[in-house]
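Subject: Handover of a structure for your review

Dear colleague,

Please find the structure below, followed by a summary of what was found in it. I would be grateful if you would read the summary with the coordinates open.

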Amino acid sequence: MKYLILMVSMVAFYAQADTARLTQDTQAVKNAVLELNKDLYQLEQELLSPATTQIAIYFSLRGATGFTPFALEVKAGKLPTVHHVYTEREVEALRMGAVQPVASDNIGPGEQTIAVTIRGQDDRGQEQIIAFEETVEKHSEPLLLEVVVTDSSQRGAASAHLTTWH
Amino acid sequence: MLKPLVIIFALLLSPACFAVEIAWPLLPEQAKVVAPENLATGVFYYHYLNEDYQAAANQLKYLRVSLPAEAQSEVDILEITLLLALGIEQQAQQVFAKLEGNTQASARAWLFMARRWLAHGQWQQADFSADHGLQNADQLSDDEYQELLYTLTLSAVEQERLQRAKNYFERMKETGHWADLARYNLLVAFIESYAAVQTINKLLMEAKLHQSDTPESRALVDRSYLLAGIYMLDNGHNRQAEQYFKQIQQDSPYAAEGLLFYGWSLLEQSNYYAALQPWRVLQQNYADWHPAVIESVVAVPHTMEMMNASTQALRGYELVEERITQMLGNIQALQSDQQLQQWLQHWLEQQQGEWGWRRQHIEVESSAVSQSLLGLMSDTVFRNQLAEYYDLYKIQQQLAKQSQQAELWQQMLAKRQQILAQANGAERLQKLQQQQAKLLAQLDELEQRWQAQELQQFSYTSESQKRLLQRLDSVVASIKLLQQANKPTRNLDAYKERWRRNRGLMLWEMTYNQSAREWSATREFWQLDGILAEMRTQLTHSQLALEWSAFSWQGLQEQVSAMQQRLQSLQARVHEVQQQQQQDLTAQMQQYLAGFKKRLLSYQSQARLATARLYDDALQQQLANALVEQLEAKHD
């Protein structure tokens, strides 16, 4: 009887140990997948936008407390026009200082004209459209441009400009 | 018979089964996020706040590089939260172990890490995180602060530090979702530590008093009454138990168990007729396969027997025998590997969402297997394993998709290389550069001619004017010849006068038009120079583009090949683990069904024993009556 109990408890122990090992294996696999996803993401960026031809556009609301963006449109040279419509969650994230990666593409060297149109609403609930154009020059480094919306203290309405990051 | 069932139900309804919904999104404290130092930080928080945690994980590396040393612990906390959300607990533990000495982070970051640890049942880590979050509680909203206190209460309860749990509970508001949960968990802790009836009663009264008007709050209160009632029943306080079970609402998720135990509490008080009523309601309102219904089916003839209603009891036991035999047959059919694996596959296909926290849990529709596995599905360990199984299934799909993508990338790279080779950029550029050199040489020549004009007396003359000038020159020679050839009497003044006039007119015209012609020539020269300068720029850009074009494929094919190999080996590994997981789950289900079958056999044997006993009693009674009649006849 004693041996029977001992055998049963050993079987139960090994069964539990098997399950624990399986959980460890599953977690190890997940970790490997996570690392692989990171490397794949990096490779994808290099494939789609090598550093030499890369142009990336970002969007942020820096202290623009009164302005709520609804939609964004960006035209850069001969690249396809980028459109984005904002959800509430995205707007909240932008208000907390997050920076939205709008688009990443490839562009040749030389001067490029960037045209940005932002449709939104000011703090009085009035529709506001912010539009501007700027010319930038593409060199061999990645061209990182940030469309920054800020409150304009003089006119009481928001304004936007382009910042180049290095 | 009652005690094992009580224990089983108590285990089934333990706090670990009561999963808390994790409210998203994670919102780092605003002051730390308002002005991102650089794009990497901002982009990370964008993905993070929009719950795209895989994308956020991809940005972590850039975030670490861009933030200063004093902000690294906040990044560690974010990383731990991401890892836990993706179900990678071991890695999270490793990062957490490094964290303990360095604890500068925002309150919200601590709070949301605490949530994740709590969801994983890691009480010590949850306690540590929540405790640190509490140090800067002024950064939190009221609801978040209550949640923090709840986390501390629960983790203290789970670590069996009741006094600490009580202290934190007393700091909480009396009403609210978090207070309800904390109160419930404290009640469970008191029950497990065999607290006095008065203590439990007091908590229950508070729960009822501060109950919110939400389904979750009402369900929690019902569950509290159920557990307290089972505890009272187990300790012989049947009257008190009855009072508790009566409090459970008819439409509660715990109504079935409530009805079952209500009946038992009445039976224990020898209130047999009353005990039958809740069981009849249970059998009418709930499906046959419900564990509470199965138990009540056996309980009813047992009660009849205690009421000495032997005939009804016998009929009842015969019905139990029939029903259980049928159920045993069903379970026998379900226990095969094939059936269970089919059910698992069906369950997999029913679920939605990506792996990790983004899975949307969907209950499978009712089937013979689902009904039989009802008890197992409420086990947290089994549910977690099922969740992992689903994760592996989605990971396998994701890896297959990424493999296809890698294949497409290889094709794209080959295509790029081919297109660039066909474009013959180098040769064409060289030809263009040669043409450019020729044009520049021509421009230089023009420039020299243009500069030479400045030195001439009669500059910027047209072709006709040049011809006229030449004619004028040649006419001088002719006039001189005439002068020599003819007699001195010949009058050449007219010729000379005409020559002078023509020369004068010509000089006038040339001088008059010279500045305009000079301006026109200069302008055209500079335009030409400008166009050639643009051409030089364009050629430079084309040269750059040619140099850059190599980056679109060079070195990338090897990287993609290496990635493909990694994908293949990971797919094989995932498949292996998936198979093991499937076998393990199947084994657990079979084990559960075997245990269920054993329970049913136990009910069946009890029913048979009772049937035999009743028949035996009836026979004994019959024999006794016959003996009495015989004796009476003898006397007569």
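About 50 Å³ of space lies in the second largest cavity of this predicted model. Its lining is formed by B:Asp288, B:Ile294, B:Val297, B:Val298, B:Arg323, B:Ile324 and B:Met327. Two helices of chain B, α17 (291–306) and α18 (310–334), each supply at least two residues of that lining. By class, five of the lining residues are nonpolar, none is polar and two are charged.

The search of the whole structure found two cavities of 30 Å³ or more. The volume of the largest cavity is about 70 Å³. Around the largest cavity are B:Asp180, B:Arg183, B:Tyr184, B:Leu187, B:Leu203, B:Leu204, B:Ala207, B:Leu220, B:Val221 and B:Ser224. The elements giving two or more residues to this lining are α11 (177–192), α12 (197–209) and α13 (215–234) of chain B. The largest share, four residues, comes from α11(B). Seven residues of the lining of the largest cavity are nonpolar, one is polar and two are charged.

I turn next to the interface between the two chains. The size of an interface is often given as the accessible area lost when the parts come together. Here the area buried between chain A and chain B is about 5200 Å², and carbon and sulfur atoms give 66% of it. Of the area that chain A buries against chain B, 15% is supplied by A:Lys30, A:Leu47 and A:Met96, more than by any other three residues. The contact takes in 51 residues from chain A and 64 residues from chain B.

As to specific interactions, three salt bridges are counted between chain A and chain B. In a salt bridge, the side chain of B:Arg573 meets that of A:Asp25 at 3.6 Å, N to O.

Which elements of chain A each supply at least two residues of the side that touches chain B? They are α1 (2–48), α2 (88–95), β4 (100–106) and β7 (143–151). Among the elements of chain A, α1(A) gives the most to this side, with 26 residues. The residues on the side of chain A that touches chain B divide into 22 nonpolar, 17 polar and 12 charged.

With kind regards

How values were computed:
Residues are numbered from 1 along each chain as its sequence is written. Chains are lettered from A and ligands numbered from 1 in the order in which they are written. This is a predicted model: local features need pLDDT of at least 70, side-chain atom pairs count only at pLDDT 80 or more; totals for chains, interfaces and linings use all residues. Side-chain values use heavy atoms; hydrogens and water are left out. Contact means heavy atoms within 4.5 Å. Buried area is the accessible area (1.4 Å probe) that two parts lose on being put together, summed over both. A salt bridge is a side-chain nitrogen of Lys or Arg within 4 Å of a carboxyl oxygen of Asp or Glu. Ala, Val, Leu, Ile, Met, Phe, Trp, Tyr, Cys and Pro count as nonpolar, Asp, Glu, Lys and Arg as charged, and the others, Gly among them, as polar. On a 1 Å grid over the protein atoms alone, a cavity is a set of points where a 1.4 Å probe fits but cannot get out, and a pocket is an open set with protein on both sides within 12 Å along at least five of seven lines; lining residues have an atom within 4 Å of a point. Grid points are joined across faces, edges and corners, and a volume is the space filled by probe spheres set on the points.
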